[in-house]
Amino acid sequence: MQKLVVIGSGIAGLIAAVEASLTHQVTLVTKSNLAESNTHYAQGGIAAVVADDDTIAEHIADTLSAGAGYSYLPAVEVLCAEGPSRINDLVRWGVEFDRKGTEFALGLEAAHSHPRILHAGGDTTGAVVSNALVAAVRESVTEIREHTFVLDLEVRDGKVVGVHVMDSAGKHYLEADAVILASGGAGQLYRHTTNPSVTTGDGVAVALRAGAALADVEFYQFHPTALAVPGSFLISEAVRGEGAVLINNRGERFMQKIHPLAELAPRDIVARGIQAEMISQGGQPVLLDATHLGSEFLEKRFPSISAKCRSYGLDWGRQPIPVTPAAHYWMGGVATDIHGRTSVPGLFAVGEVACTGAHGANRLASNSLLESIVFAHRAVAVLGEAWPTNNSWGERWALTGPLGQVEIDDSESATQVVDRVELQTLMWDNVGLARTREELEETRDRLNSWRPADVEHRLFPDWEDANLLLLAKAVTAAALARLESRGGHYRLDHPATDPKLAKPILVSRKAN
């Protein structure tokens, strides 16, 4: 039986591990405990066409519209068409979605033309899904390695053949016939993020060091409404879907002047609208007003948000709550085809660590968990098949051709050891919601003056910092190269969207 290593325990990794265990000897590696992931904290739910008055074609159209003229159509078609079957898989694995009678209770979120968001446990969808899949993994997977950090991939003759890891006992080597990266995003690049502390982009970094191409890393989605308190707790878009509105410190709604959909406009537009309003009022957060929904409804519909508000002395059923944008989701990542295959044979990437092109420049609300379940299933389905040649790998990259190719130098010749808080602050200030050439060049130069801690002395946080430094260089370089504004990438010095530039920027590691 062939050996498969799955890296990450979010929904993508858990599904890949469960499905592959039927045909492979699976080792699942996660750097925290099995349930700690972005999935566990997801509130908004999963978008899928499961209602009679909704259609796959409309879901595709909504996804393309949110993607800002940049989505890869074949990936979008796969995402939307296969979603309903993957929802059935989750039900079979024990996920109990919220229902009205015998039908799914469906919510509406920004930029969707129909209510098609499935929830479980109100606003605890991620936790419900994660708990069910963790139970399935514990019953089926050969080996589970918790609190184990992935250092690097072993590549021989151009193929991934194993994984170097570290735990409290030291460094180890895991042999593998294939590796599936499902390690999530890199929210910890930024000072304000809705992501948990484990999201340091480790999978993207090890793939880059192994020779894999990255794509679309300049496109980072900032969730418009994080609670403006330490920890940046996410206030689900579903709250605005239920009718909550954004107001400034004068009590005035402002999104109606910016976009016809007002608070339900695509996330990048809402986030920048909030940022502009915050700047106009001296940096003070704006307010999310859900008081007209009433405390009883909010407590039942959004129990975890209600509890978090109470923990900060906020009664959101009676008073508006302060919110601010925060880094939330990375549209970019390791470039893959529509089966999760990367440019390095033997290496797959699924979920937020990957870039299939399905999200374009701006992810449609609640399509992230959907992407994870669809493409994890597709990756497992082609395990053992012949790897595409360089001429046929990655249909999107071959058909459109890249806008440019950027090389990242991580030779570590600098003398100053990187400080994570300083890096996060620099990225937030200069490579966040709005960017300029001057600020990006300043960021590039400062990043190049830093290096990771010495290899022989590195602990988990030091390896994370090394990965964050490498990825910060990648995001900054790609943002410098894209001379337009589109979706999650906004250049103050290039505010227009240029149709001629609707092509990927590929990032690779400079050979040392």
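This is a short walk through selected side chains in the structure above.

The model is predicted, so local features need pLDDT of at least 70, side-chain atom pairs count only at pLDDT 80 or more, and totals for chains, interfaces and linings use all residues. Residues are numbered from 1 along each chain as its sequence is written, and side-chain values use heavy atoms, with hydrogens and water left out.

Let me start with the aromatics. A search of the whole structure finds ten aromatic pairs. The rule: ring centres of Phe, Tyr and Trp (its six-membered ring) lie within 6.5 Å; planes under 30 degrees apart are stacked, over 60 edge-to-face, and the rest tilted.

Take Tyr-70 and Phe-219. Their pair is tilted, with 5.1 Å centre to centre and 50° between the planes. What does this pair tie together? Tyr-70 is in the loop between helix H3 (56-66) and helix H4 (73-92), and Phe-219 is in the loop between strand S13 (214-215) and strand S14 (220-227), so the pair links parts 149 residues apart in sequence. Helices (H or I, at least four residues) and strands (E, at least two) are DSSP runs, numbered from the N terminus.

Are these two buried or exposed? Tyr-70 counts as buried at 4% relative accessibility. Phe-219 is buried too, at 0%. Buried means under 20% relative accessible area, exposed over 50%, and partly exposed in between (1.4 Å probe, protein chains only).

Next pair: Phe-97 and Phe-104. This one is edge-to-face, 5.9 Å centre to centre, 85° between the planes. Both Phe-97 and Phe-104 are buried. There is also one cluster, formed by Tyr-190, Tyr-220, Phe-222, Trp-330 and Trp-428.

Back to Tyr-70. The charged end of Arg-396 sits over its ring, 4.6 Å from the centre. That call needs NZ of Lys or CZ of Arg within 6 Å of the ring centre and within 35 degrees of the ring normal. Arg-92 lies over the face of Trp-93, at 5.2 Å from the ring centre.

Now Asn-467. Find this residue in helix H15 (residues 460-481). Asn-467 is buried, at 0% relative accessible area. Its side chain makes a polar contact of 2.9 Å with that of Arg-209. A polar contact is a pair of N or O atoms within 3.5 Å; within protein, one must be able to donate a hydrogen and the other to accept it, and residues adjacent in sequence count only if both atoms are side-chain atoms.

Last, His-292. At 53% relative accessibility, His-292 counts as exposed. A polar atom of its side chain lies 3.2 Å from the backbone oxygen of Gly-243.
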